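Subject: Structure for you to look at

Hello,

Here is the structure I said I would pass on. Please open it first and then read the notes below.

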Amino acid sequence: MSRLSHIFRELGRSLYRFPGTALGALLSLALLFLLFDLFWIAAATTEQLYTRLISQLRMEAFVAEHVIDTEIPPLQDAIAHTEGIIAIEYISREKAREVLHEMLGTDLLIGYDSANPLPRSFIIEFESDALNSEDMASVCEGLSGFPEIAEVTYSQQWLKNAEATRVIIKRFGLALGVFILLTAIISSVNNIRLMTRARTEGFQQMRLLGAGRLFLAFPFLIEGMLISGLSAAAGWLAINYGSHQISLTQIEIVYPVIEEIVIFCAAAAALGAISGYLGIRKLLR
Amino acid sequence: MADEIVADIQNVYLGAARNEGIFRNLNLTLKAGHTAIVTGGPGSGKTSLTALLTGVGFADEGLVEVFGESLRPRRIWAINRVRRMIGGVGGIFGLVPSMTVAENIAFPLVITGLSKRRRQAKLLKMLTEFSLLKKAGDYPRTLTRVEHTLVQFARASIGDQPLLIIDEPSAGLDQATTARIFEFLIKASLSGRALLLLCSDAPAHDLPNSDIYHISNGTLE
């Protein structure tokens, strides 16, 4: 029985003598991690939805009536060089008429060909980094300063509301993450404590014979690691099974990639090791 | 090895009050190959003496040195080193309930990291010497009082620990086993190991190079 085999024997003894505690710990942690996984997926899906919605956001700058058509290209060029703008499209009166026709299904300007009252405008598309209320307000202010621009419009309030919702989701996710982390640690620590309590006498004897703290603690660190790591993996397996049973047509669900899941399980295992140490710490004093 | 100081206790005070403590100016020097027999009634401090020598308890005042290491709180590494060189039987020493007889006996060698082959050889020798071969796979809860003591003796000897602390060596043992135990102790003493025997009364068997002390009122006489 080498030191290593002793460590694994002790681990086996612990699991063999307290299978209910070990299974209980595994299931409760798996449920906690499953909850976390579900929120992770929900947050990623919401983020993708948000990005998609935001990417469709455009700003429209209306050209003043006094601007003659020959002044349009240099004006378009000047606007295109504004920071954060990725593309700009000029909408002439004729194009505006076509758009209106498409929207309404009928041409309201039949007979008014020479006196098209629709305004000319620029449809402005932004870089993804600039798609936020602060940058867009700044661009809006800049464009309003042009004498050739009569008015600038975009969905300002909608953008603010979307951003506020995103912040709330992020904060809730963070709070939930911390809550689950704490619950997982406390649950693991208590399980390890339960398992070690019945073995206090044995620990004391082993210490009296000169066994080091790490030597005694190691089986419990591994146990914590195993239970926590397996629970995290079980949570993802449940998600994987569920994802094959459910198919949504309206929303594309965003699942983490395999590397992220591996990192998550490894982090959960590390968390378990810390819990294992905390669980046995009192006994090693 | 001979005359090498194994344990040295100098001017030790232990307990809440200097005049009413467990030990008051306790002095004891134990050399290799020598035996100190400490007698005393219940509550006289025999177990506290074991606790001092194993780093379980610490002196309030004075010096406790075992194998040249000063035993003080927080010196975990030194205490563990010292504990690995002590073989203990009875008193605060017991068996690990979750380990088999063989595992209990071999445990001191596991801690020191001895190779499996040498460990197995030593284990077999101990199991044979203490007639425990048939009990090797049993757990302590199934053992008789005598077997329990024999397992402890086997564990205290497997690593040739230079210091043996035996609390009530013949407690609960029949005459034949007691004689066998003392035979073992004589051999251990002659091989250069230091022995500390803690008993209620002086033992009926003689041990080589032994001094008898009586512990009372917190001092050794």
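Predicted model: local features only at pLDDT ≥ 70, side-chain atom pairs only at ≥ 80, totals over all residues.

As background, nonpolar side chains in soluble globular proteins tend to be buried together.

Leaving out residues up to four places away in sequence, Leu195(B) touches Thr35(B), Leu164(B), Leu185(B), Ala188(B), Ser189(B) and Leu207(B).

**Chain B**

Chain B contains 6 helices and 10 strands. Of its 221 residues, 43% are buried. If you take the contacts in chain B between residues at least 6 apart in sequence, 71% of them join residues at least 24 apart.

**Where the chains meet**

Which elements of chain A give two or more residues to the side that touches chain B? In total, 16 residues of chain A are in contact with 20 residues of chain B. The elements in question are helix H1 (3–17) and helix H7 (200–208) of chain A. H7(A) gives the most to this side, with 5 residues. Sorted by class, the side of chain A that touches chain B has 6 nonpolar, 6 polar and 4 charged residues.

Regards

Technical notes:
Residues numbered from 1 in each chain as written. Chains lettered and ligands numbered in written order. Helix = DSSP H or I, 4+ residues; strand = E, 2+ residues; numbered from the N terminus. Buried ≥ 20, exposed ≤ 12 C-beta atoms within 10 Å, placed from the backbone. Contact = placed C-beta atoms within 7 Å. Nonpolar A, V, L, I, M, F, W, Y, C, P; charged D, E, K, R; others polar.
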